[in-house]
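Keep the sequence and the structure in view while reading.

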Amino acid sequence: MVDNRYATALVIGSVLSLLASVYLSVAVGTQHWYQYRSLPPSNDASNASDLRMLREAFVNEVNEVNEKSYSEALFRLNGTLGLWWRCILVPDKPFLSQEPELNMLTECKAFTLPQQFETKYKHPGNDSGEQDILRTYLWRCRFLFPLVSLGLAFLGALIGVCACLCRSITPTLFVGLLHLLAGLCSLATVCCFLAGIDLLHRATEWPVWVDHSMGWSLYLALVSAPLQMMAAALFIWAARSHRKTYTRMTAYRVA
């Protein structure tokens with residue numbers, strides 16, 4: 001039998017774990033981790049031509065991805081960046097259109113798996129230049145850590161279901177440790193992403209008049225980390241407290 005206090009802790013921990021997994025899954029699948037807001041394009045012909053070329057280069061990418069090219073498109077075309085997606089916001093009419101109100105369209109491109117493992121350089125776009133090892137591994141870790149976090153949460157849920165079927169609370173301690181590791185991986189994802197973005201800004205000559213900020217997808221991932229850690233704390237507390245109570249009851253009966 002499980003005391004009501006421990007059962008309540010397990011239920012609350014399970015709900016927190018489910019919420020954290022949902023938040024992190026939504027964050028991984030969306031592109032609003034980081035967003036840029038640039039000034040409206042002017043009616044200058046050369047400027048409109050540059051923006052059109054950036055859009056065409058962004059849309060017509062196939063396998064070869066030029067980091068400098070798509071980064072500049074993100075900076076100048078109100079782009080948003082995620083773990084697996086990058087998007088730009090462009091008008092449905094030509095940039096030189098005189099219409100006061102233009103409908104804006106979102107055009108997105110997905111990062112392929114090989115692109116996630118590509119090497120970064122000190123000067124983006126210069127493939128023959130010096131490699132940026134730190135930024136390369138930050139880029140790779142920022143998409144590996146959330147997958148590891150979700151995998152640990154799923155493994156913990158599987159072990160928890162098996163523990164319920166066996167009517168044993170002992171494996172809950174291991175479930176708590178898995179959720180603790182998952183929370184650390186979620187937090188590491190946010191840290192790696194922000195550190196990589198900061199290094200990209202330093203390596204790229206991006207316009208100072210571009211406004212940039214964190215998006216709601218990043219905040220979802222950031223919220224999922226403490227939720228997983230709180231779930232871990234509840235699981236570990238329930239397992240250890242139940243074990244101590246069971247040990248005292250056994251000692252009392254023997255005495």
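The bend at a residue is the angle between two fitted axes, one for the seven residues ending there and one for the seven starting there. Helices (H or I, at least four residues) and strands (E, at least two) are DSSP runs, numbered from the N terminus. This is a predicted model, in which local features need pLDDT of at least 70, side-chain atom pairs count only at pLDDT 80 or more, and totals for chains, interfaces and linings use all residues. Residues are numbered from 1 along each chain as its sequence is written, and side-chain values use heavy atoms, with hydrogens and water left out.

Q: At which residue does α5 bend?
A: Helix α5 covers residues 133–166, which is 34 residues. Its C-alpha span from first to last is 48 Å, close to the expected 50 Å (1.5 Å times one less than the number of residues). The helix bends by about 30°, and the residue at the bend is Cys 141.

Q: Which residue just after α5 takes a positive phi?
A: α5 is the helix of residues 133–166. Just after α5, a phi of about 55° is found at Arg 167.

Q: Which cysteine is joined to Cys 87 by a disulfide?
A: A disulfide is a pair of cysteine sulfur atoms within 2.5 Å, and by this rule the count comes to one. The S to S distance in the pair is 2.0 Å, and the partner of Cys 87 is Cys 108.

Q: How many residues apart in sequence are the parts that this pair ties together?
A: Cys 87 lies in strand β3 (residues 85–91) and Cys 108 in strand β4 (residues 104–110), so the parts tied together are apart in sequence by 21 residues.

Q: Is Cys 185 buried or exposed?
A: Buried means under 20% relative accessible area, exposed over 50%, and partly exposed in between (1.4 Å probe, protein chains only). The sulfur of Cys 185 is 9.9 Å from the closest cysteine sulfur, in Cys 192, too far for a bond. The relative accessible area of Cys 185 is 12%, so Cys 185 is buried.

Q: Are α5 and α6 roughly parallel or roughly antiparallel?
A: Angles run from 0 to 180 degrees between N-to-C directions, with axes fitted to C-alpha atoms over the stretch in contact. α5 and helix α6 (residues 172–203) pack at about 160°, with their axes 8 Å apart. Under 35 degrees counts as roughly parallel, over 145 as roughly antiparallel, 65 to 115 as roughly perpendicular and the rest as oblique, so α5 and α6 are roughly antiparallel.
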